[in-house]
Amino acid sequence: MNTRTLGNQGLVVSALGLGCMGMSDFYSGRDDDDAVDTIHRAIELGVSLLDTADMYGPFKNEELVGRAIADRRDRVIIATKFGSVRSPDGAFLGINGKPEYVRSACEGSLRRLGVDHIDLYYQHRVDPNTPIEDTVGAMADLVREGKVRFLGLSEAAPDTIRRAHAVHPITALQTEYSLWSRDPEDEILPMVRELGIGFVAYSPLGRGFLTGRFRSIDDLPDDDYRRTSPRFQGQNFQKNLDLVGHIETVARQKRCTPSQLALAWLLARGEDIVPIPGTKRVNYLEENVGAIGVHLTADDLARIDAIAPRGVAAGLRYTEAGMRSVNR
């Protein structure tokens, strides 16, 4: 496993991370023992960056990750998030970036993870009712107290990132980025590169769509949240499936899977980019890690750009309500 450095503060992580959300929430077919096995196998393969959040489960995912890394804490970089508030029964209660909430959320995450510090602590979504300076100021206090090592933001707009970075160095920005979500290339990537902030790409496989495993909406279980995703709906599904067909053609020629091609493309976008594909199964994890060995030539990259240009995906990446909470 190769490593990459996020930001200018010295955080070194594996070139590929592991998104743990689906192990506890949103996707069907969850099994804690399988999830723990997947985390253990990831660590064996050199994957060090584990990504979770207090709202996944809610709360259960941090407990699961804590259980999995209890006897191997020194081999992992734990990234978790706060700010998207849910009740124990799963209801969404809004976004909170108030300083007092930052501290209480951190204490809760430390307890559930069973650790004395969090390596990378993100604000999950920006609170429009709390100045970013106040939120990041409270996060900086946690760094000074040794409870957090590095700070991150998720789905923040360029101006917000700049203001936050002026309060305390931001080590990583986490935003959706993939062959069907190339929006960050317009403003976000230039901004974080100007400031020396690393980029963590979540949903690098388009919530599984870019793997080629879905041929119709009926391939998704009834309780899978992707059934409500605009890109999985109606004509959007077929248009996006056509894109996957082109990706599959290139992958066959490169003797890799569509997943590996999509991840290799992201890895080739810059040494400051770390994709965090999520999975709860060992076989898919091993397939994803295989992307490290896929070399894309300049001709390959030009061909991929031609079949998956910016804006190629049909449909919004979230519902309209979900889109209101991103890039602000």
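Which residue just after helix 4 takes a positive phi? In this predicted model, that residue is Gly146, whose phi is about 80°.

The secondary structure of the protein comes to eleven helices and twelve strands, and its C-alpha trace spans about 50 × 40 × 35 Å along the principal axes. A compact globule of 328 residues would have a radius of gyration near 20 Å, and the 19 Å found for the protein agrees with this. Of these 328 residues, 59% count as buried, and among contacts between residues at least 6 apart in sequence, 75% join residues at least 24 apart. The accessible surface comes to about 13,200 Å², with 47% of that area belonging to carbon and sulfur atoms.

Helix 4 runs over residues 132-144, and because its 13 residues at 1.5 Å a residue should span 18 Å, the distance of 18 Å between its end C-alpha atoms agrees with expectation. Its buried residues are Ile132, Thr135, Val136, Ala138, Met139, Ala140 and Leu142, and these pack against strand 5 (77-82), helix 3 (99-113), strand 8 (118-123), strand 9 (148-154) and helix 5 (158-167).

Ala262 counts as buried because its relative accessibility is 1%, where the cut-off for buried is under 20%. Leaving aside neighbours within four places in sequence, Ala262 is in contact with Leu179, Pro204 and Leu205. Ala262 and Thr211, although 51 residues apart in sequence, are 8.3 Å apart in space, C-alpha to C-alpha.

Notes
Residues are numbered from 1 along each chain as its sequence is written. This is a predicted model: local features need pLDDT of at least 70, side-chain atom pairs count only at pLDDT 80 or more; totals for chains, interfaces and linings use all residues. Side-chain values use heavy atoms; hydrogens and water are left out. Helices (H or I, at least four residues) and strands (E, at least two) are DSSP runs, numbered from the N terminus. The expected span of a helix is 1.5 Å times one less than its number of residues. Buried means under 20% relative accessible area, exposed over 50%, partly exposed in between (1.4 Å probe, protein chains only). Contact means heavy atoms within 4.5 Å. The radius of gyration is taken over C-alpha atoms; the globule rule is 2.2 Å times the number of residues to the power 0.38. Accessible areas come from the Shrake-Rupley method with a 1.4 Å probe; for residues, only the protein chains shown count as cover.
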